Amino acid sequence: MNPPLLAICFYVTHAQVLLSEPRQLQLRKFSNSSGQIQTSRDTMIKSLLFLLLVAVANAKRFQRCEWAHKLKDSGMDGYRNISLADWVCLTKWESGYDTMKTHHNNDGSTDFGIFQINNRWWCNDKIMSFRNGCQINCKDLLSDDVTVAINCAKRVVKDPQGIAAWYGWRSHCQGRDLTPYLDGCGFESTHRNRRVSSA
């Protein structure tokens, strides 16, 4: 879990205790020399609002074309013969371009980040990590700095399954016209029309 979210959970838990206390116990603090009373309740609410803002600031949901350009700048267009449109399609269906997305699978494993990289094989969350093929902590995939996530995705497609390792790609992208995923993003038609037909 993202550190700010952990902090929010901590504050919410303690807020429940605090708000259940008698009113006279909440009025112990004086904030300034004028004698204005500042309740612990007010302080708690302000802290919660601040931490929520921090959590939102650390999360990022890319716009489609913004993400396509980020992938291209990171060398993903044509990497292992996988088109840019395939990468954009894959991440659309896996995470909706959301860097903070997590998904708990029926087998007990968890997928992390914009590429939904699985903790069973590719990262370590100290819960279920048999291989850690990318040699990373899973929490590093939950960041608006997608460098770690992109590097790990490059590692995943080096395996024999290639891009077919992602269910989202097999179900929604394989063998389909992926032109819409790059439409309006300023790429040439040759890039828009390239597809991966098999893994």
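Let's start with Thr110: leaving out residues up to four places away in sequence, Thr110 touches Thr102, His103, His104, Asn105, Ile117, Asn118 and Asn119, where contact means heavy atoms within 4.5 Å. This is a predicted model, where local features need pLDDT of at least 70, side-chain atom pairs count only at pLDDT 80 or more, and totals for chains, interfaces and linings use all residues. Residues are numbered from 1 along each chain as its sequence is written, and side-chain values use heavy atoms, with hydrogens and water left out.

- Thr110 sits in strand β2; helices (H or I, at least four residues) and strands (E, at least two) are DSSP runs, numbered from the N terminus.
- With a relative accessible area of 7%, Thr110 is buried. Buried means under 20% relative accessible area, exposed over 50%, and partly exposed in between (1.4 Å probe, protein chains only).
- The side chains of Thr110 and His104 are joined by a polar contact of 3.0 Å. That term stands for a pair of N or O atoms within 3.5 Å; within protein, one must be able to donate a hydrogen and the other to accept it, and residues adjacent in sequence count only if both atoms are side-chain atoms.

**The sheet**
- Three strands make an open sheet in the order β1-β2-β3, with antiparallel pairing. Two strands pair if DSSP finds at least two bridges between them.
- β1 (102-104) and β3 (117-118) are at the edges with a single partner strand each, so one side of each has no neighbour in the sheet.
- β2 (residues 110-112) pairs with β3 in the antiparallel sense over two bridges, and Asp111 has Asn118 in β3 as its bridge partner.

**The nonpolar core**
- The largest nonpolar core has 43 residues, and those with the most contacts inside it are Trp67, Leu71, Trp87, Phe115, Leu141, Cys152 and Trp166. Such a core is a set of buried Ala, Val, Leu, Ile, Met, Phe, Trp, Tyr and Cys residues joined through side-chain atoms within 4.5 Å.
- Elements giving two or more residues to this core are α4 (64-73), α5 (84-95) and α6 (147-156), and the largest share, six residues, comes from α5.

**Two residues with positive phi**
- Asn81 isn't a glycine, yet has a positive phi of about 60°. You'll find Asn81 in the loop between α4 and α5, and at 72% relative accessibility Asn81 is exposed.
- Gln116 isn't a glycine either, and has a positive phi of about 55°. Gln116 lies in the loop between β2 and β3, and at 5% relative accessibility Gln116 is buried.
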